[in-house]
Amino acid sequence: MPPAFTEYAHQIAGRSNIVKVFGDHIIKPTSLYEVNSYLKMTPLIADVAPDCCLVMSNGKLQALRPCGFCSDSVNIHVIIQVLNATDAEHFLVMRDVAHGMIKPRILDLKLGTRTHSDFISEEKKRSHIQKSFSTTSSTLGLRLCGAKFYENDGSGKVKISKTEGRTLSDTSFISQMSTFFTICGKQKSLVTKQLFRIKEALEATEAQRFFGSSLLVIVDDHLGHEFLEKTVKVKLIDFSSMARSEPGEPQYVGADRGAIFGVSNLINIISD
Ligand SMILES: Nc1ncnc2c1ncn2[C@@H]1O[C@H](COP(=O)(O)OP(=O)(O)O)[C@@H](O)[C@H]1O
Ligand SMILES: [Mg+2]
Ligand SMILES: [Zn+2]
C-alpha cells in the first residue's frame, strides 16, 4: 500500500475494511448499491451524511462533491493507484468525520426497527428480523453496534462490540447511553441539535427507507479547540441496505417512521 494510505484507527463497526488517506479522508470499499445511494442522494440527506468527495463504481472514478483536495489531479492519481491495487470494485472517498479530533469518543447506533435490505435471501431476512425482534431495534429503533471512548474517571478505554450491543435491554441500553453521553452540557446540546437536523431531514424524505443505516456520533473529549462546534459531529451513515422505491423495486410511501422513531428516542434519552 502506498505511504499516503494507512489503517483507519477510528472504525468501530462494520465489515468493510476502511483506510485513511491524506490525513482527512477515508476510503470505504462498498457495494455498487451504496455507491448509487450516494449518487442519487437528495441534498437534504447529503447534508446530514458524511461529505462524499468521489465514488468509484465498476472501475470508473466520478467526482460527487469533491473538496479542494479531491479536485487536484495529482491527488486523484494517487487515489486511483490505490483503488486499482485492491480487489474491490466500488468505493466511497469520504471526509473522515473524526478528522481534527484529538480524543474522539465514537458511537455507532444502527437505526430503525427494520434493518434488512429488500435485496437479500429469505434466510438472511429471517435472521435480520430475529435480531431486530430480540434487541432494542424493535423497542427503541436503535441498536448499539459499536462504541469506543475513555472513562471520565481515568479508569481506561471502553470498547463495546456489536455482539454486546445485541444483548442490551432497553434499560441497559439507556444506561450505556448515559455513560457515553457524559460530556459537557454544551456538547450535549450540539449533539441534540444535530439529531434534530437528522430527524427533520428524515421527516422530509418520502419514499425512502434507511434500513441498516446508522447514526455515527463522534465527540472530542479534548476541549482545547477554538470552536466547540468542531468537537461534535453526528452523521447518518451506511446506505448499503436502504430502499429507494425505484421502478421495479418495492415501493414505500411517506417518510421512514422506524428511523424517525430511533432518532426521536435518542433525543429523549439524551435529554432525560
Ligand atoms: N465518514 C466517516 N468518518 C469517520 N468514520 C466513518 C465514516 N464512515 C464510516 N466510518 C466508520 O466506519 C464504520 C463502518 O462504516 P459503515 O458505513 O457503517 O460500513 P459497513 O457497511 O461496513 O457497516 C462506522 O461505524 C464508523 O466507525
Ligand atoms: Mg454499518
Ligand atoms: Zn475530498
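Modeller: Let us begin with a single pair of residues in this predicted model. Leu 109 has Leu 144 of E8 as its bridge partner. The two strands concerned, E7 and E8, are antiparallel and joined by six bridges.

Colleague: Which strand is joined to E7 by seven bridges, and in which sense do the two run?

Modeller: That strand is E10, and the two run antiparallel.

Colleague: What is the strand order of the five-stranded sheet?

Modeller: The order is E9-E8-E7-E10-E11, in an open sheet with antiparallel pairing. Strand E9 (157–160) and strand E11 (232–237) are its edge strands, each pairing on one side only. From one strand to the next, the twist averages 15 degrees.

Colleague: Which helices pack on this sheet, and which strands do they touch?

Modeller: Helix H7 (residues 170–180) touches E7, strand E8 (142–150) and E9, and its direction makes about 35 degrees with that of E8. Helix H8 (residues 185–203) packs on the sheet through E10 and E11, with its direction at about 25 degrees to that of E11.

Colleague: How is the six-stranded sheet arranged?

Modeller: This open sheet has the order E1-E2-E3-E6-E4-E5, again with antiparallel pairing. Strand E1 (5–7) and strand E5 (60–63) each have a single partner strand, so one side of each is left without a neighbour in the sheet. The twist here averages 25 degrees from one strand to the next.

Colleague: How many bridges pair E3 with E6?

Modeller: Five bridges pair E3 with strand E6 (residues 91–95) in the antiparallel sense. Within this pairing, Ile 26 stands opposite Met 94 in E6. Helix H1 (residues 32–39) lies across strand E4 (52–57) and E6, and runs at about 140 degrees to E4.

Colleague: Leu 39 lies in helix H1. Is this residue buried or exposed?

Modeller: Leu 39 is exposed, because 12 other C-beta atoms lie within 10 Å. Leaving aside residues up to four places away in sequence, Leu 39 touches Val 55 and Leu 64. Its C-alpha atom is separated by 13 Å from that of Met 94, a residue 55 places apart along the chain.

Colleague: Into which domains is the protein chain divided?

Modeller: There are two entries in the division: domain 1 (5–95) and domain 2 (104–271). Taken over C-alpha atoms, their centres are separated by 22 Å. In the contact between them, 17 residues of domain 1 meet 20 residues of domain 2.

Colleague: Which elements give two or more residues to the side of domain 1 that touches domain 2?

Modeller: They are H1 and helix H2 (43–46). H1 provides the largest share, four residues. By class, this side of domain 1 has nine nonpolar, five polar and three charged residues.

Colleague: Which residues come nearest to ligand 1, and which strands supply at least two residues of its shell?

Modeller: Of the 23 residues around ligand 1, those that come nearest are Ala 13, Gly 14, Pro 50, Val 97 and Asp 238. Strand E3 (25–29), strand E7 (104–111) and strand E10 (214–220) each supply at least two residues of the shell. By class, the shell comprises eleven nonpolar, seven polar and five charged residues.

Terms used: Residues numbered from 1 in each chain as written. Chains lettered and ligands numbered in written order. Predicted model: local features only at pLDDT ≥ 70, side-chain atom pairs only at ≥ 80, totals over all residues. Near = placed C-beta within 6 Å. Nonpolar A, V, L, I, M, F, W, Y, C, P; charged D, E, K, R; others polar. Pairing = 2+ DSSP bridges. Axes fitted to C-alpha atoms, helices over the stretch in contact; angles between N-to-C directions. Contact = placed C-beta atoms within 7 Å. Domains from an automatic or database assignment. Buried ≥ 20, exposed ≤ 12 C-beta atoms within 10 Å, placed from the backbone.
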